[in-house]
Amino acid sequence: MNDTTLFTDVMIFDGSGDPLFPGEVLVRGNRIAAVARGEERLPRAGADVIAGRGRTLMPGMVEAHAHLTWPSSVERVLNTMKLPIEEHVLVAAQNARITLDHGFTSAYSAGSLGERIEPVLRDMIDRGAIPGPRLRASALEKGAEGVMGVPEGHDPTHDRDIPGLIAYVKAKKAEGCDTIKFLLSSDEGFAPGGSQVLMYSEEEVQAIGRAADEAGIWLACHAQAAEAVKRAVRGGFRAIFHCTYADEEALDLLEAAKDRVFVAPALGLLYARMHEAEAFGIGRAEAERMGAVSGLELMQQVYPQMRRRGIRVLPGGDYGFPYNPIGRNARDLALFVDLLGFTPAQALTAATRHGGVLMGMEVGEVTAGMLADLLLVDGDPLADIAILQDKGRIAAVMKDGRFHRAPTRH
Ligand SMILES: [Zn+2]
């Protein structure tokens, strides 16, 4: 089998944020072997040659707030979060394939409706048994069920004492999770005023941080209140989601930790609740009650500041709800541009190079030596970032040097 692919006549977005440049890209095995600029030509012998015809070659995108077990996708809307386990596992596998279909070659989990679904899914994908993105797997996100409306299913399976938390962290590592998600605050979407309710004390967060460090597992959290964000940074959390109410002190802490933390606002869900959820019983008044309107306004203040401070802000928008289905993930990039003042190049860099660092894998760049996760896009996403939302414009999806979707040849 031919394991060498040469993309010719492509405009390359290399993940750095630089403008597109014309060139060629050679893939050998699962890695990018060489990138040529301008008139330089790479060896053709033995290669499967793909004529780019001026299309864009860019890194596969990274979804930074993935919920592959949230049931709804563009192929099947399910107006529930609860499925029988047998169906749930298969729906998660379907959602993994849909995520990859839409150009996301990596997904960083923000929690899973099942303790073991994602580690198993990741291993099946890595074995090549089923199609899906590279996955950083998580278990069920933890909070305190019943407190400020935290929904059923988010109940802690850990004891609410320090030894219980430490044991829980060790158990997740043993079960094969890459990251653990905690609800450090509740949420307006769970109960009005919930965003300001803290779920774990400073002492508990510190203990979780030490235990995770020792076990060698990453921490992610849902953090709305300013104090939740601060606790997360002080506790060594790596991925901090939402941060809607981050104040000056929280921003200072994030900035001081900017080489080790990543934030993701998860705009997609709020936007959908505000504009596209009417058919699901969420009109303007309900969207306001759930904090979508004020949340978006606050994010429009907070996130441009984060970007200016050099904090890595990543797209990833809580896709998987019926009104915000998996497969629409690339909409988050457009929302970064339209609502947060990112340039298309900045949004694309966040979704590729920064996403690769979030994954802790050699992905997210079109440079020699990196793993070959590549998209061939019909058009220029720097001129119109919205084209990435159209699967039909993504002519090819390559992951680990192999085509998940090969370009049609004619
Ligand atoms: Zn989420």
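1. A pocket, as the word is used in this note, is an open set of grid points with protein on both sides within 12 Å along at least five of seven lines, and its lining residues have an atom within 4 Å of a point. The structure discussed here is a predicted model.

2. The second largest pocket holds about 370 Å³ of space. Its lining consists of 16 residues, and those nearest the centre are Ile125, Gly128, Gly132, Lys399 and Asp400. Sorted by class, seven residues of this lining are nonpolar, three are polar and six are charged. At least two lining residues come from each of three elements: helix 2 (117-126), strand 8 (134-136) and strand 16 (402-405).

3. The zinc ion has three coordinating residues in the model: His65 and His67, each through NE2, and Asp318 through OD, at 2.0 to 2.2 Å. Along the chain, these donors follow the spacing H-x1-H-x250-D. His65 and Asp318 thus link distant parts of the chain, being 253 residues apart. His65 belongs to strand 6 (residues 61-66), whereas Asp318 lies in the loop between strand 13 (312-313) and helix 10.

4. Are these two zinc-coordinating residues, His65 and Asp318, buried or exposed? A residue counts as buried when its relative accessible area is under 20%. His65 is buried, because its relative accessible area is 1%. Asp318 also counts as buried, because its relative accessibility is 7%.

5. Strand 5 (residues 56-59) pairs with strand 1 (residues 4-12) in the parallel sense, over two bridges. Strand 5 is also joined to strand 14 (residues 374-377), here by four bridges and in the antiparallel sense. Leu57 of strand 5 takes part in both arrangements: Ile12 stands opposite this leucine, and Leu57 in turn stands opposite Leu376 in strand 14.

6. Why is helix 7 (residues 267-275) described as largely enclosed by the rest of the structure? The reason is that seven of its nine residues are buried. The buried residues of helix 7 are Leu267, Gly268, Leu269, Leu270, Ala272, Arg273 and Met274.

Notes. Residues are numbered from 1 along each chain as its sequence is written. This is a predicted model: local features need pLDDT of at least 70, side-chain atom pairs count only at pLDDT 80 or more; totals for chains, interfaces and linings use all residues. Side-chain values use heavy atoms; hydrogens and water are left out. Two strands pair if DSSP finds at least two bridges between them. On a 1 Å grid over the protein atoms alone, a cavity is a set of points where a 1.4 Å probe fits but cannot get out, and a pocket is an open set with protein on both sides within 12 Å along at least five of seven lines; lining residues have an atom within 4 Å of a point. Grid points are joined across faces, edges and corners, and a volume is the space filled by probe spheres set on the points. Ala, Val, Leu, Ile, Met, Phe, Trp, Tyr, Cys and Pro count as nonpolar, Asp, Glu, Lys and Arg as charged, and the others, Gly among them, as polar. Buried means under 20% relative accessible area, exposed over 50%, partly exposed in between (1.4 Å probe, protein chains only). Donors are N, O and S atoms within 2.8 Å of the metal (3.2 Å for Na, K and Ca); water is not among the atoms, so sites may look incomplete.
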